[in-house]
Amino acid sequence: MDDLVSRTAAGDFARAKDYFQGLAPERTARIAASAADVTLVIDAEGIIRDAAFGVEALFNSGGRSWAGRPLTETVTMECEDKVELLLSEARAGGAIRSREINHSLPHGEDMPVRYSAAQLGDDGSVIVFGQDISRIVVLQQKLMNAQLSMERDFAKLRAGELRYRMMFQLSDVAQIVVEAEGLTVADINAAAARVLGEDVNAAKDRNLAKLFDTDDSEVLEHV
């Protein structure tokens, strides 16, 4: 069996005739309907001729009216080209490529569905399988919103840091920021550097005591 599977093309069964040739149309239809959240039969003109819904919300929100209408009329304007590509690729018999398509619902909402399609007959009919991805889209939106919120918070933090740096360096009051552990200079402003006769960059990361006279440095240990 492993050898048979390894010799088949991607997406094809190795022994399709052994298992599917004798299936009655009703059973085949049930299998097709159960394989997706929504299954559509599209004719050569792009008209929806039959439909089966595994998602009741989609059926109740507008799916019940799809039969007899072009598939392109049930989707948002920006997805019409995607529908045409989906159907044309299926009729060409090429690789089945899924596409995310948004349906326009009567109440103004959009419902995203990921569709794949395959040629159904030599007359140009196509069967289309759809997976409801609305929950995935909601999660993606939440993730995007969280990321945008983090970026806004980071931007505010950076802006606050820049304001602090400007005030710190332009201040006429000598200021030194010291690491508690080791008493090393984390930052020093220009006013403090002038008082100590040091270069700002050279003073950073040095031990605070090294910037003062020996007698004064002893006092720093008790501050």
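Hi everyone. Before we start, please keep in mind that this is a predicted model, where local features need pLDDT of at least 70, side-chain atom pairs count only at pLDDT 80 or more, and totals for chains, interfaces and linings use all residues. Residues are numbered from 1 along each chain as its sequence is written, and side-chain values use heavy atoms, with hydrogens and water left out.

Let's begin with salt bridges. By that I mean a side-chain nitrogen of Lys or Arg within 4 Å of a carboxyl oxygen of Asp or Glu. How many salt bridges does the structure hold? There are 8, and I'll walk you through some of them.

Take aspartate 43, which pairs with arginine 49; their closest N and O atoms are 2.8 Å apart. I'll call a residue buried under 20% relative accessible area, exposed over 50%, and partly exposed in between (1.4 Å probe, protein chains only). Is aspartate 43 buried or exposed? Aspartate 43 is buried, because its relative accessible area is 15%. Arginine 49 has 52%, so arginine 49 counts as exposed.

Next, look at glutamate 73 and arginine 69, a salt bridge whose closest N and O atoms lie 3.7 Å apart. Here glutamate 73 is partly exposed at 48%, and arginine 69 is partly exposed at 27%.

Now for lysine 204, which bridges to aspartate 187 with the closest N and O atoms 3.7 Å apart. This pair links distant parts of the chain, 17 residues apart: lysine 204 sits in the loop between helix H8 (200–203) and helix H9 (214–220), and aspartate 187 in strand S7 (residues 185–188). Helices (H or I, at least four residues) and strands (E, at least two) are DSSP runs, numbered from the N terminus. Lysine 204 is partly exposed at 25%, while aspartate 187 is buried at 7%. Through shared partners, salt bridges join Arg165, Asp187 and Lys204 into one network.

Finally, the surface. Which residues form the negative patch? They are Glu78, Glu80, Asp81, Glu84, Glu109 and Asp110. In such a patch, residues have over 30% relative accessible area and no salt bridge, and like charges are joined within 9 Å. Asp and Glu count as negative. Helix H5 (residues 80–91) gives the largest share of the patch, 3 residues. Aspartate 110 is found in strand S4 (residues 110–119), and aspartate 110 counts as partly exposed because its relative accessibility is 45%.

How values were computed: Patches are made of residues with over 30% relative accessible area and no salt bridge: like charges are joined within 9 Å, nonpolar side chains (Val, Leu, Ile, Met, Phe, Trp, Tyr) within 5 Å. Accessible areas come from the Shrake-Rupley method with a 1.4 Å probe; for residues, only the protein chains shown count as cover. The place of a charge is taken as NZ of Lys, CZ of Arg, CG of Asp or CD of Glu.
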